[in-house]
Amino acid sequence: KLPPIDGDFYDMALKLTPKQRELQIKVRNFMEDEIKPIANEYWNKAEFPFQIIPKMAELNICGLTYDGYGTPYETYVMEGIIAMELARVDVSISTFFGVHSGLAMGSIYICGSEEQKQEWLPKMAKMELIGAFGLTEPEVGSAVAGGLGTTCRKEGDEWVLNGQKKWIGNATFADVTIIWARDEASDQVKGFLVRKGNPGFKAEKIENKMALRTVQNALITMTDCRIPESDRLQKCDSFKDTAKVLRMTRAGVAWQAVGCARGAYEAALKYTKKREQFGKPIASYQLVQNHLVEMVSNLTAMQTLCFRLSELQDEGLLTDEHASLAKVFCSMRTRDVVSQAREVMGGNGILLEYDVARFVADAEAIYSYEGTKEINSLIVGRAITGYSAFV
Ligand code: FAD
């Protein structure tokens, strides 16, 4: 039997192979040793700790499920466990990683030509090059499928991009940003690899966030941004192809929610065992235990649901509604767990150094990104009723 871990009540780790378990522990140790000591400081000053990238690269966890290109080729279950382990300590680092390895590398893996994959994926797998993913716009968030304002226009062997993108994680420093734009001629969505330093591309950091402060989100402005045809994602013909990337990464976000809840629960459990009031540890009081039990129930439900979700992915059976259901359920339950974790810590629950306040704030971003609760609910609602209620 493996050593018990507080937030793994049903011993889900027993379902991993010894090799997978070893990788899980390697990632956990990295997060505990390298990230935990600096997480609050960087979150507080809203800066990214670039020094961690070489050490993170040594874990060899980028593009885990992609076949070839120097990527390790592991299961989606393992990818989910890693997303959880990263978020369990720092949701910002998990988001930085998810944008790079899931959204950016995933777009190239799913929508790129063989030549484009060979050019980018091996270097991105080693984190020598970092990626970003630009879909959302200032005026279009939930309605991106049919309403992108950013346009592309073919001129000879080049494309000309105009428009803005909002919230784009990593984009202030990324070596490549995937930009999705609507073709003026066909009205279909196309994807582009926009290289760092393109003169028509400007990325400004979004300031004053109350969640995921370590993540560098940008407002991107493209003004006659010229891209060669060779940097257009060759296998993207419409938004349906973009949606394939989102289906895959949405499952990862559900796992991030598990990690966020787990980090908060474990910190709160530890605290309630140590903190004494009325002469006894507060964990010994029935009402506090009730909070802890509700937290671990939610956490266990989320974990088991996500495990099955990733198994479906490994079996090639994942649908949009599977991923959306997990994202909705986990992002709602996480909000409950982090709020109860904060509650049992009293006043200290709002101080960063007690390691729960950051999760409370970051749960709000998980709740909204990669499709809000409403949008993912509508995807599930459409699947179970046969009626689309989007408009
Ligand atoms: P809106 O679409 O304006 O929605 C506002 C509210 O209206 C929501 O509650 C929504 O559910 C509701 N609503 C909208 N339509 C309907 C409807 N038909 N029925 C019922 N309710 C509806 N995007 C990227 O492309 N790349 C990134 O790297 C990225 N990173 C992000 C990081 C953070 C921290 C955040 C906050 C966002 C990020 N996003 C990114 C954008 C994110 O995906 C969007 O914020 C999200 O899709 C919601 O869009 P919106 O914020 O424009 O909200």
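Ala46 counts as buried at 10% relative accessibility, where buried means under 20% relative accessible area, exposed over 50% and partly exposed in between, with a 1.4 Å probe and protein chains only. The place of Ala46 is in the loop between α1 (18-45) and α2, and its phi is positive, about 55°, although Ala46 is not a glycine. Helices here are DSSP runs of H or I with at least four residues and strands are runs of E with at least two, numbered from the N terminus. The model is predicted, so that local features need pLDDT of at least 70 and side-chain atom pairs count only at pLDDT 80 or more, while totals for chains, interfaces and linings use all residues. Residues are numbered from 1 along each chain as its sequence is written, and side-chain values use heavy atoms, with hydrogens and water left out.

Met127 also has a positive phi, of about 60°, although it is not a glycine. Met127 is found in the loop between α5 (114-125) and β1, and with 5% relative accessibility it counts as buried.

The loop between α2 and α3 holds Ile61, which is buried at 3% relative accessibility. Not counting residues up to four places away in sequence, Ile61 touches Leu23, Val27, Ile82, Phe97 and Ser101, contact meaning heavy atoms within 4.5 Å. Thr71 is found in the loop between α2 (53-58) and α3 and is buried, with a relative accessible area of 11%. A polar atom of the Thr71 side chain lies 2.8 Å from the backbone oxygen of Tyr66, and the side chain of Thr71 also reaches the backbone oxygen of Gly68 at 2.3 Å. Such a polar contact is a pair of N or O atoms within 3.5 Å; within protein, one must be able to donate a hydrogen and the other to accept it, and residues adjacent in sequence count only if both atoms are side-chain atoms.

Two packed helices are described by the angle between their axes and the distance between the axes. Helix α3 (residues 76-89) and helix α4 (residues 91-111) pack at an angle of about 145°, with their axes 5 Å apart; axes are lines fitted to C-alpha atoms, for helices over the stretch in contact, and angles run from 0 to 180 degrees between N-to-C directions. From α3, the residues Ala83, Leu86, Ala87 and Val89 meet Val91, Ser94 and Phe97 in α4. Helix α4 also holds Leu103, which is buried with a relative accessible area of 9%. Leaving aside neighbours within four places in sequence, Leu103 is in contact with Gly98, Phe133, Val245, Leu246, Thr249 and Glu370.

Around the ligand there are 19 residues, of which Thr136, Ser142, Thr372, Glu374 and Phe390 come nearest, a residue being near a molecule or strand if one of its heavy atoms lies within 4 Å of it. A polar side-chain atom of Thr136 lies 2.7 Å from a nitrogen atom of the ligand, a backbone N or O atom of Trp167 lies 2.9 Å from a ligand nitrogen atom, and a backbone N or O atom of Glu370 lies 3.4 Å from an oxygen atom of the ligand. The elements that give two or more residues to this shell are β1 (131-134), β3 (158-169) and α11 (373-385).
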